[in-house]
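This briefing is for a reader who is meeting the structure for the first time. Please look over the sequence and the model below, then read the points by topic.

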Amino acid sequence: MYSHDELTSAEREVWDAFPEGRSVDLRTGVPEDDRVAGGGLWGSERTVQATVIAALLLGANTAQPGSVACLRLAGARISGHLNLAGAQLDQSLWLEDCWFDESVDLLGATTQTLVISGSRVPGLEAHSARIEGNLDLRNSVVEGTAFSPFNRVSTAVSLSDARISGVLLLNGAELIAPEGWALAAGGLVMEGGVFCRGGFIAHGEVRLVGAQLPGGLFMKGARLERPGPRGVPPPGQRRCLGTPLHQRFHGERHRTPAGYADLGQPDL
């Protein structure tokens, strides 16, 4: 447990804002200084330890009467491993334009809405997680992590056997695991739709084996490159993963046993 005196100024700001759900924005307003690609160079004035975030979400600073606690943070460098494996989280987490030094672990966790948008994350593990709300990774870059007991290859986003009561938003996201799995979502159960539009790119295999997608899979304008273990497609060919296996864009809506896939028009 942290004491207030142990925290940096940025961490104290997050700590004090959490009980009332107030937003903390550590961005400078100078575009060249706020580019997330350079977030590994942000100093202590913009750095928040992952353990501080975890402590707050696990009840270190309770909500104020009449307020809904929520962690809302923008423009921060998250240092250390954000380990929430097996956690029961009653608050939402909203992180925007953040740089993560290490991966995010939600293995077997139960959470509310989780937003990590416009950020750089070296891997998201959410195998068997339960998300009571939306999972929003719009415009984020998620890179493949090392092998895990559940994924035998490098994986950027792991949602195998997870359940999401809202929607999965991957619009504009880039998932990077060129020799492995960009998205491992076998057995994923969705209540809402899966949206991979607006410039979504997957470097590596997208796996939806046995996924239940009654709200639909929307991939108009998406690009899948280097599907890894299944072989590399011909140069210039872009593929969309529908159900049951890879399907090219034809501007059609494909019916599947678990929902439908709207593949949109080709963007070649």
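E12 pairs with E16 in the parallel sense, over two bridges. The model is predicted. The largest nonpolar core has 70 residues, and a search of the whole structure finds four cavities of 30 Å³ or more.

**Strand pairing around E12**

- Strand E12 covers residues 130-136, and five bridges join E12 to the parallel strand E9, residues 110-117.
- Between these two strands, Gln 112 has Glu 132 in E12 as its bridge partner.
- E12 also pairs with strand E15 (residues 163-164), again in the parallel sense, over two bridges.
- Here Arg 130 is bridged to Arg 163 in E15.
- The partner of E12 named in the lead, strand E16, spans residues 168-169.
- In E16, Leu 168 stands opposite Leu 135.
- As a general point, side chains in a regular strand alternate between the two faces of the sheet.

**Strand pairing around E20**

- Strand E20 (residues 201-207) is mostly covered, with six of its seven residues buried.
- Six bridges link E20 with strand E17 (residues 174-184), and the two run parallel.
- Arg 207 in E20 is found opposite Ala 184.
- E20 pairs with strand E22 (residues 223-225) as well, in the parallel sense, over three bridges.
- Ile 201 has Arg 223 in E22 as its bridge partner.

**The largest nonpolar core**

- In soluble globular proteins, nonpolar side chains tend to be buried together.
- Which residues have the most contacts inside the largest nonpolar core? They are Val 48, Leu 71, Leu 73, Leu 159, Leu 188 and Phe 200.
- Helix H3 (residues 50-57) gives the largest share of this core, seven residues.

**Helices H1 and H3**

- In helix H1 (residues 9-17), the residues Ala 10, Glu 11, Val 14, Trp 15 and Ala 17 are buried.
- Their cover includes strand E1 (23-25), strand E2 (47-49), H3 and strand E3 (71-74).
- H3 is mostly covered, as seven of its eight residues are buried.
- Those buried residues are Ala 50, Val 52, Ile 53, Ala 54, Ala 55, Leu 56 and Leu 57.
- They pack against H1, E2 and E3, and also against strand E4 (77-79), strand E5 (82-83) and strand E6 (93-96).
- After H3 comes Gly 59, which has a positive phi near 105 degrees.

**Asp 34**

- Asp 34 is placed in helix H2 (residues 31-34).
- Is Asp 34 buried or exposed? Its relative accessibility is 15%, so Asp 34 counts as buried, the cut-off being under 20%.
- Leaving out residues up to four places away in sequence, Asp 34 is in contact with Arg 27, Thr 28, Gly 29, Trp 42 and Arg 46.
- Asp 34 and Ala 76 are 42 residues apart in sequence, while their C-alpha atoms are 9.5 Å apart in space.

**The largest cavity**

- The largest cavity holds about 60 Å³ of space.
- Its lining includes Leu 84, Leu 89, Gln 91, Ser 92, Leu 93, Val 104 and Leu 106.
- Thr 111, Gln 112, Thr 113 and Leu 114 also line the largest cavity.
- E9 supplies the largest share of this lining, four residues.
- By class, the lining has six nonpolar and five polar residues, and no charged ones.

- Most residues other than glycine have a negative phi.
- Ser 128 is not a glycine, yet its phi is positive, about 65 degrees.
- Ser 128 sits in the loop between strand E11 (124-125) and E12.
- With a relative accessible area of 27%, Ser 128 is partly exposed.
- Asp 161, also not a glycine, has a positive phi of about 60 degrees.
- The loop between strand E14 (155-158) and E15 holds Asp 161.
- Asp 161 counts as partly exposed because its relative accessibility is 39%, which lies between the 20% and 50% cut-offs.

Conventions: Residues are numbered from 1 along each chain as its sequence is written. This is a predicted model: local features need pLDDT of at least 70, side-chain atom pairs count only at pLDDT 80 or more; totals for chains, interfaces and linings use all residues. Side-chain values use heavy atoms; hydrogens and water are left out. Two strands pair if DSSP finds at least two bridges between them. A nonpolar core is a set of buried Ala, Val, Leu, Ile, Met, Phe, Trp, Tyr and Cys residues joined through side-chain atoms within 4.5 Å. Buried means under 20% relative accessible area, exposed over 50%, partly exposed in between (1.4 Å probe, protein chains only). On a 1 Å grid over the protein atoms alone, a cavity is a set of points where a 1.4 Å probe fits but cannot get out, and a pocket is an open set with protein on both sides within 12 Å along at least five of seven lines; lining residues have an atom within 4 Å of a point. Grid points are joined across faces, edges and corners, and a volume is the space filled by probe spheres set on the points. Ala, Val, Leu, Ile, Met, Phe, Trp, Tyr, Cys and Pro count as nonpolar, Asp, Glu, Lys and Arg as charged, and the others, Gly among them, as polar. Contact means heavy atoms within 4.5 Å.
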